[in-house]
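Notebook open, model loaded. I'm jotting down what I look up as I go.

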Amino acid sequence: MSHSPQRLQAAYEKARAALFHLRLPAGHWEGELSTSALSTATAIMALALVQKQLGGDRFTPLVLGGLRWLAEHQNDDGGWGDTVRSFSNISTTMLCRSAIHLTGATQSHAQPLERAERWLNERYGSSPQELAEAVRARYGKDRTFATPILTTCALAGLVDWSEVPPLPFELACLPQSWFRFLRLHVVSYALPALIGIGQAIHHHRPTWNPLTWGIRRLARSPSMRVLQAIQPTSGGFLEATPLTSFVTLSLASIGLSDHPVARLGIEFLQRSARPDGSWAIDSNLATWVTTLSINALASANDLEALEDKERLRDWLVGQQYRVRHPYTGADPGGWAWTDLPGGVPDADDTPGALLALGHLKKHVPVDADVFRAGERWLLGLQNRDGGWPTFCRGWGHLPFDRSGADLTAHVLRALPAEHASAHRQGLAYLAKQQRADGSWLPLWFGNQHVAEDENPTYGTARVLAAYRQLAPDAAAAQRGRAWLRAAQNVDGGWGGAAGSPSSIEETALALEALGSDERGLAWLIEQVEHGKLDEPTPIGFYFAKLWYYERLYPIIFAVAALGQAR
């Protein structure tokens with residue numbers, strides 16, 4: 001299918017209009033994250049356990065609303081996926097099953113429960129031991145999600161506590177700077193889970209080792225003070241429903257429902273409940289989608305169309321952290337994904353903000369100190385391998401905490417040429433991370449249609465953006481472009497890899513990385529003409545073990561690709 005300049009222009013204007021329509025009166029974007037069965041299940045468990053301990057029925061409407069939503073959005077095969085467009089997976093299905101038990105809804109929800117049991121038994125076995133082992137196998141050595149999931153199962157009486165891997169919560173009492181040397185079995189951002197769930201496991205299944213038992217007994221109060229100190233004023237750890245719920249339900253299970261941490265957690269869950277009875281995976285990605293939007297318009301050479309740039313600049317500068325972050329101990333200078341108190345500065349949102357402010361600077365003044373602080377923050381985060389991790393330098397024990405190709409490429413685009421040494425090290429890291437077929441894998445994004453839930457299209461497109469800016473003729477870049485072209489589907493679009501269903505998000509990213517492709521552009525124009533901008537694709541993060549989609553992603557990426565082609 002061919003396209004004319006007129007159709008290209010019309011498609012671009014339609015995507016841009018959709019983007020501007022979703023801009024808030026305050027001038028920035030907030031977006032809308034998908035509803036989540038995983039989040040909904042964890043939230044109603046926390047609410048139900050707190051209510052059971054404190055008495056009354058003030059959370060009953062929320063619990064019943066969540067149960068109703070789960071029953072209405074169970075997949076046809078009997079399992080649950082993280083979003084209403086996600087394939088069923090063992091983690092979310094086990095959580096929904098536990099939620100039905102812990103909320104006392106086994107009779108009223110007997111049919112959904114029976115279907116879920118059948119889905120699990122057919123795929124993973126019928127015994128509690130087999131199901132617990134399947135959960136552990138899904139995450140390997142990383143206990144960040146396996147332990148919370150199995151904790152809810154144990155609380156629901158569905159597995160024995162011996163199946164739940166312990167978490168050494170006493171280590172949270174040590175200085176934060178020591179964490180990178182402790183080889184913890186949870187990732188850097190999961191300190192609240194380490195403390196809250198670790199205490200619950202110790203309460204319900206104390207260790208037989210008298211020395212460890214004594215240390216953990218002494219560490220209970222000090223670690224709770226740490227937990228209280230890192231809880232944001234919103235009550236939501238990382239603004240994330242699952243993490244906040246896991247902490248809150250763990251505290252409730254050991255009689256601490258009235259603890260200040262649990263009270264704030266419950267208030268967060270009450271505020272973040274949606275009218276349809278569900279919860280999203282996180283509150284919002286306001287900073288992230290705002291910088292993506294600015295950078296997309298810049299890619300389209302259309303920032304002139306963005307009104308009130310001064311207010312947008314002020315809002316974005318206001319999101320930069322000016323003090324040391326209490327959660328990760330991050331130095332000042334970075335940006336998080338959200339404008340809410342639970343955000344944590346990271347190596348994807350910080351370069352996104354620097355790039356956006358760099359584009360805005362061509363139209364409105366931006367204080368040079370803002371750039372210097374952001375660059376200094378990124379330089380301090382670079383790992384010894386030359387790449388950049390998400391939150392904390394030097395952890396590296398678990399996959400999530402290691403350097404990522406997509407993060408590294410984003411940082412390299414944001415650092416000015418004067419940081420030549422960082423550029424050299426970063427490009428060397430990217431060259432080493434390139435797979436034999438020429439592609440790169442991202443850390444944060446996956447595709448449920450691709451083997452191992454990988455998304456080499458996203459990773460390769462993001463890395464090629466850095467090479468195009470810094471070393472367009474490098475051999476690694478040439479191999480990457482060749483892989484990306486070969487991954488194009490017969491219909492002209494791109495999915496997460498060759499042969500996976502084409503999506504607006506991945507097609508737009510591939511087009512932007514390649515510069516142009518007539519077949520891909522024709523496919524993208526047709527999708528916009530047919531109203532597909534309103535159909536976002538589930539995107540996996542955390543090695544694709546957790547899924548979400550964002551309403552703005554297809555719109556933003558389409559604006560960038562169509563605008564660049566225009």
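Leaving aside neighbours within four places in sequence, which residues is threonine 151 in contact with? I get Trp161, Val164, Ile197, Ile201 and Ser250, where contact means heavy atoms within 4.5 Å.

Before going on, a note on the source: this is a predicted model, where local features need pLDDT of at least 70 and side-chain atom pairs count only at pLDDT 80 or more, while totals for chains, interfaces and linings use all residues. Residues are numbered from 1 along each chain as its sequence is written, and side-chain values use heavy atoms, with hydrogens and water left out.

**Helix 7 threonines**

I placed threonine 151 in helix 7; helices here are DSSP runs of H or I with at least four residues, numbered from the N terminus. Threonine 151 has 1% relative accessibility, so I log it as buried (under 20% relative accessible area, with a 1.4 Å probe and protein chains only). Its side chain reaches the backbone oxygen of threonine 147 at 2.7 Å.

So I looked up threonine 147 next. Threonine 147 also sits in helix 7, which covers residues 143–155. At 0% relative accessibility, threonine 147 counts as buried. Outside the four places either side in sequence, threonine 147 is in contact with Val164, Pro165, Leu167, Ile197 and Ile201.

**Helix 10 on helix 11**

I checked helix 10 (residues 241–253) against helix 11 (residues 260–272): the axes come within 9 Å and cross at roughly 140 degrees. Axes are lines fitted to C-alpha atoms over the stretch in contact, and angles run from 0 to 180 degrees between N-to-C directions. That makes helix 10 oblique to helix 11; oblique is what remains after under 35 degrees (roughly parallel), over 145 (roughly antiparallel) and 65 to 115 (roughly perpendicular).

On the helix 10 side I see Thr241, Thr244, Ser245, Val247, Thr248 and Leu251 in the contact. Helix 11 brings Val261, Ala262, Gly265, Ile266, Phe268, Leu269 and Ser272. By class I have seven nonpolar, six polar and no charged residues (Ala, Val, Leu, Ile, Met, Phe, Trp, Tyr, Cys and Pro are nonpolar, Asp, Glu, Lys and Arg charged, and the others, Gly among them, polar).

**Helix 21 on helix 22**

Helix 21 (residues 518–529) packs on helix 22 (residues 553–565) at an angle of about 125 degrees, axes 11 Å apart. I file this pair as oblique too. Leu521, Leu524, Ile525 and Val528 of helix 21 meet Ala561, Leu562 and Ala565 of helix 22. My tally for this contact: seven nonpolar, no polar and no charged.

Technical notes
Helix = DSSP H or I, 4+ residues; strand = E, 2+ residues; numbered from the N terminus. Buried < 20%, exposed > 50% of the residue type's maximum accessible area, 1.4 Å probe, protein only. Polar contact = N/O pair within 3.5 Å; in protein donor to acceptor, adjacent residues only side chain to side chain.
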